[in-house]
Structure formats: C-alpha cells, structure tokens
Amino acid sequence: MPAARGLRRAVIFLGPPGAGKGTQAKEVAQRYGLPHLSTGDMLRDHVGRGTSLGRRARPIMERGELVPDEIVLGMVEERVSRPDCANGFVFDGFPRTLPQAERLDEILRRRDLGHPLVLHFVVDADRLRQRLTGRRTCSVGGEIYNIYDRPPKVDGRCDNDGGELVQRSDDREEVIAERLAAYKRQTRPLVDYYRGLGVLRDVDGSGEVSAVTRAVLKILTQAD
Ligand SMILES: [Zn+2]
C-alpha cells in the first residue's frame, strides 16, 4: 500500500475501554506519519522537564487526583503548536468530556486545523466485557495479551520473556460494568456534540483488528 498523504486534520479516537482504539490509533499515526498524542505522555513529559505546567501537575498526580482540565489543555495547546503537528495529529483518549472538546475546537481553530475527524468505536457490550476480562499484561515487559483474542503460546506466560501474565485489578468482571457505565455517562454529550457537527463516524470495532483497520482507513480516505 502506498504511503498515505497528510490529512491535515486532527483525528480523534473515541470509544469505550476494550474497543481496540489504541491499536488502531497507532496504525493510523504510522501510515499517515502523524504524531500519536496522549495526555498521559504529555503529563509525564512536562513533569519530567519540570515545566511550569508540570510543576503544577506533579503534586496533584502524586495525590492520585485527576489533573484539572486547565492544566491538561495548556499541555495540549503547547503540544499541538509544535511543527510536527502542523499537518494534523492523532489523539487517543482525549477529549473525554464536552468542555474539553469545546476547548480543543478553539485550539484547532487558532491553528487553522478545522474540526477534528472523530472515529467513534462501537462494540457490543458482551464483546467488550470478554475483551476486558480476557486481558492479561506481562509483569516484566508490559506486553498485552488476551486469553480469547491473543493468547500466549504458553498459558500464563509472556511469549517474549516468559514473564508472568497478570490481570489488572480494573479489568476484573465486577469493576468492568462500572467502568463501561461511567464511560457512557461521560461521553454521551461528547458523541452528540460531534455528531451534531457532522464530523463523527461510527466504526464497528467488533471484528478482527485487520478488518477494523480497513474500515478506519476507508473512512480516512473518504475524509481527504
Ligand atoms: Zn513479557
């Protein structure tokens, strides 16, 4: 497949935990040569560099509290102002709320990037539950497996380094229903907002990774 040309759009991956959007965001960023942004990376970067935003965020993160929008959006604005974002970027896991989306729109407007293209991953609830409860992480290298979709060669052991595979506490059955409900509550206004702007595309995230990638690339080609 020939290298895809620049989109000159911000592409936002929106979807519940377990929808596979992270994998797809990475693929799109690579194919289009766009930076793959996450607010987690930005926070770590600012704290590491000791910037003024980082110095404000650090004690809040150390207390395990949610960093306020004002700080996060300051980091977002600084990040998307860098030259590598001039032709667009891929955002995975942000925005999460309507106020964040509205502020992001202002930032994009100032940078002449227009409205983002929003890929909304839709996956049936039972399928999501299966993906999340099946997820196992290597305790050594952090590699992610799934006992249903991507099992390791040896039960309970990482293919790369033999590390023990563990289940994250928030991937346990009893926590998942609450996580999915919280996601729905928080993102419904966001979905309505982007749908109203005509920039949201639904992506069926239930299938195989490669099938979902094809669907995503088709949407991006049509958005060119
Ligand atoms: Zn490993």
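Here is a short walk through this predicted model, one selection at a time.

**Stop one: a charged residue inside.** Start by selecting helix H5, residues 98-110, and pick out Asp-105 within the helix. Asp-105 is buried, yet has no salt bridge. Show Arg-109 next: this is the nearest side chain of opposite charge, and it sits 5.4 Å away. A salt bridge would need a side-chain nitrogen within 4 Å of a carboxyl oxygen. So what does the side chain of Asp-105 make a polar contact with? Bring up His-115, whose side chain is the partner, at 3.3 Å. Setting aside residues up to four places away in sequence, Asp-105 also touches Pro-116, Tyr-193 and Leu-197.

**Stop two: the largest nonpolar core.** Now select Val-76, Phe-89, Phe-91 and Tyr-194, the ones that touch the most other members of this 32-residue core. Elements giving two or more residues to the core include strand S1 (9-14), strand S3 (88-92), H5 and helix H7 (173-197).

Zoom in on Tyr-194. Beyond its neighbours within four places in sequence, its contacts include Ile-12, Leu-104, Pro-116 and Leu-200.

**Last stop: a three-stranded sheet.** Look for an open, antiparallel sheet in the order S6-S5-S7. Strands S6 (144-146) and S7 (165-166) each have a single partner strand, so one side of each has no neighbour in the sheet. Between them, select S5, residues 135-138, which two bridges join to S7. Finish on Cys-138, which stands opposite Leu-165 in S7.

How values were computed. Residues numbered from 1 in each chain as written. Predicted model: local features only at pLDDT ≥ 70, side-chain atom pairs only at ≥ 80, totals over all residues. Heavy atoms only, no water. Helix = DSSP H or I, 4+ residues; strand = E, 2+ residues; numbered from the N terminus. Buried < 20%, exposed > 50% of the residue type's maximum accessible area, 1.4 Å probe, protein only. Lys, Arg positive; Asp, Glu negative; His and termini not counted. Polar contact = N/O pair within 3.5 Å; in protein donor to acceptor, adjacent residues only side chain to side chain. Contact = heavy atoms within 4.5 Å. Core = buried A, V, L, I, M, F, W, Y, C linked by side-chain atoms within 4.5 Å. Pairing = 2+ DSSP bridges.
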